[in-house]
Amino acid sequence: MNPTPDMLSRLPLFSGLNAAELDMLSAELHLREVGASKVVCTQGDRADSAYVVVSGRLGVYKESISHRLAWLESGDVFGHIALIDGGVRSATCQAEEASTLLQITGDVFKRLFAADNGFAYKVLDRVALDVVARLREVTDRLGKVVSGRLNPDEADARVAEQVAAASLLLTTIEFGPAE
Amino acid sequence: MARNIAEFLPQVPIFAGLTPDEIHALLPAIIEQDVPRETVVYEQGSVANAAYVITLGQLEVDLTKPDGTTTRVRTLGPGHLVGELALLDSGPRSATVRARNPAHVYRIDGTAFNELRAQRSPAAYKVIRELVRVMCDRFRDVDAQIERTVDFGDPPSVEIEEAGGVGNWLRRALRFGGQR
């Protein structure tokens, strides 16, 4: 089923698009209903689509972690980073309840991301905002760790190591990997 | 100057995909600057309003922590881009950058770049697209670094719970969270 233009206009990723653009997009995108506990993407797999959560809730899991890493809820975009950099899925996403997802196939996403027209630029602006928001959030968090605002027990070597690791990560994000 | 920029910029990865015409379209946003030794290019905490491409000399990147200690985190040379996040948003600078020796840079003005963006300049959007790709690559690098360096075990005590969960907490922000 295709999403309605009205439904698309309420998603942050597509805010700012005009009626004609929303119409065009609604014909290209598909709604996907997923039942509770259905796995939508699997860590290590090649990425074929990006998704926006329309309703419901999904959990994010990493193989190295025994518990849930994060929730994805209405308006959240996921799966697009692997489409942008061509990497594999870095986590597994599983529906925690019956959910509705907007599926953006890799083909459509790449066309939107790479095209040189006003429509694609609006979407690229939103994707850039999303990436910057993630970057700012993680650097703010790293800043708190590095500045000691978490008040870790300094005698705890593990915490000291984590602070050192966080400091290194902060630099990598801002200035790229060390040579 | 224009000719030199047109020759130099394509050697910098984020400009590599631009045609000579597109480089030309960016020129209104770019000025050449000499940076005398020890001169501060930008200060940690100041509002970001430009990116810099180093053409000669070296720039040092110093990070000052709240306890007042400063660490040199990078020394960057010709061909490097620094402060590029200013082209995506105008948040505070995360470090101080100064010239180690007499340097020369191309300064890409954030306001002028945003004007090109508002005019839907394909050249500006090519740069944005490349910056987004670079950031996504760095997310992946950081994710891999977290995997290697940060302890993911369940925190053994309440006192370090927040710190103990650092890896997950960071990853949530990096890749999996929404914009809330």
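View 1. Where pLDDT is low, the predicted coordinates should not be read in detail. For the complex, the predictor gives an ipTM of 0.81 and a pTM of 0.82. Because this is a predicted model, local features need pLDDT of at least 70 and side-chain atom pairs count only at pLDDT 80 or more, whereas totals for chains, interfaces and linings use all residues. Residues are numbered from 1 along each chain as its sequence is written, chains are lettered from A and ligands numbered from 1 in the order in which they are written, and side-chain values use heavy atoms, with hydrogens and water left out.

**View 2. The stacked pair Tyr51(A) and Phe78(A).** Over all chains the structure holds five aromatic pairs, counted for rings of Phe, Tyr and Trp (its six-membered ring) whose centres lie within 6.5 Å, with planes under 30 degrees apart termed stacked, over 60 edge-to-face and the rest tilted. The ring centres of Tyr51(A) and Phe78(A) are 5.3 Å apart and their planes meet at 25°, so this pair is stacked. Because Tyr51(A) belongs to strand β3 (residues 49-55) of chain A and Phe78(A) to strand β6 (residues 77-78) of chain A, the pair ties together parts that are 27 residues apart in sequence; strands are DSSP runs of E of at least two residues, helices runs of H or I of at least four, numbered from the N terminus. Tyr51(A) counts as buried at 2% relative accessibility, and Phe78(A) counts as buried at 3% (buried is under 20% relative accessible area, exposed over 50%, partly exposed in between, with a 1.4 Å probe and protein chains only).

View 3. Phe109(A) and Phe113(A) are stacked, at 6.0 Å centre to centre with 10° between the planes. Both residues lie in helix α4 (residues 106-114) of chain A, four residues apart, about one turn of the helix, and both are buried.

**View 4. Arginines over aromatic rings.** Arg57(A) lies over the face of Trp71(A), at 3.5 Å from the ring centre, and Arg93(B) lies over the face of Tyr42(B), at 3.7 Å from the ring centre. A charge sits over a ring if NZ of Lys or CZ of Arg is within 6 Å of the ring centre and within 35 degrees of the ring normal.
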